[in-house]
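We will go from rings to a helix to a pocket.

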Amino acid sequence: MLKSNCGKHLKVGISNYPEKRIRQLEKATPFCFNVIGIAKMDGELCRSIESRFHKDYNSSLLSGFDGCTEWILFCNDAVNEFKKLGA
């Protein structure tokens, strides 16, 4: 999970290589962000959880850059739920 420095957005996404993916996002994302945490889990479970986050929380409706569709509006509930996953 990533949090925009402005505090308005969270990113929930899947990657087999999170460090590499974060470097890619740092170059592509038009704003700065920090890593809240990385949860390691089975791929099928991970996809299910990611899908639920994007269904249950409001999209930031961003466009025009790599990973833009995975940003949701900041919500403490989403952060707390993510942290319960062991991140």
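Select Phe31, Phe33, Phe65 and Trp71: ring pairs link these residues into a cluster. Rings of Phe, Tyr and Trp (its six-membered ring) pair if their centres lie within 6.5 Å; planes under 30 degrees apart count as stacked, over 60 as edge-to-face and the rest as tilted. This is a predicted model, in which local features need pLDDT of at least 70 and side-chain atom pairs count only at pLDDT 80 or more, while totals for chains, interfaces and linings use all residues. Residues are numbered from 1 along each chain as its sequence is written, and side-chain values use heavy atoms, with hydrogens and water left out.

The structure holds 4 aromatic pairs. Zoom in on one of them, Phe31 and Trp71, which is edge-to-face, 5.0 Å centre to centre with 70° between the planes. This pair links distant parts of the chain, 40 residues apart. Phe31 sits in the loop between α1 (18-28) and β3 (33-35), and Trp71 in strand β4 (residues 71-73). Helices (H or I, at least four residues) and strands (E, at least two) are DSSP runs, numbered from the N terminus.

Buried or exposed: which is Trp71? Trp71 is buried, with a relative accessible area of 1%. Phe31 is partly exposed, at 21%. Buried means under 20% relative accessible area, exposed over 50%, partly exposed in between (1.4 Å probe, protein chains only).

Next, select Phe53 and Tyr57. Their aromatic pair is tilted, 5.6 Å centre to centre with 35° between the planes. Both Phe53 and Tyr57 are buried.

Now show α2 (43-56). Colour its buried residues, Cys46, Ile49, Glu50 and Phe53. They lie on the same side of α2, because they cover an arc of only 100° around the axis. That arc is taken from the directions from the helix axis to the C-beta atoms. Turn to the face away from the buried side, and you find the exposed residues Glu44, Arg47 and Lys55.

Last stop: the largest pocket, with about 550 Å³ of space. On a 1 Å grid over the protein atoms alone, a pocket is an open set of points where a 1.4 Å probe fits, with protein on both sides within 12 Å along at least five of seven lines; lining residues have an atom within 4 Å of a point. Select Gly13, Ile14, Ser15, Ile38 and Ala39, which lie nearest the pocket's centre among 27 lining residues. α2 gives the most to this lining, with 6 residues.

Conventions. Grid points are joined across faces, edges and corners, and a volume is the space filled by probe spheres set on the points.
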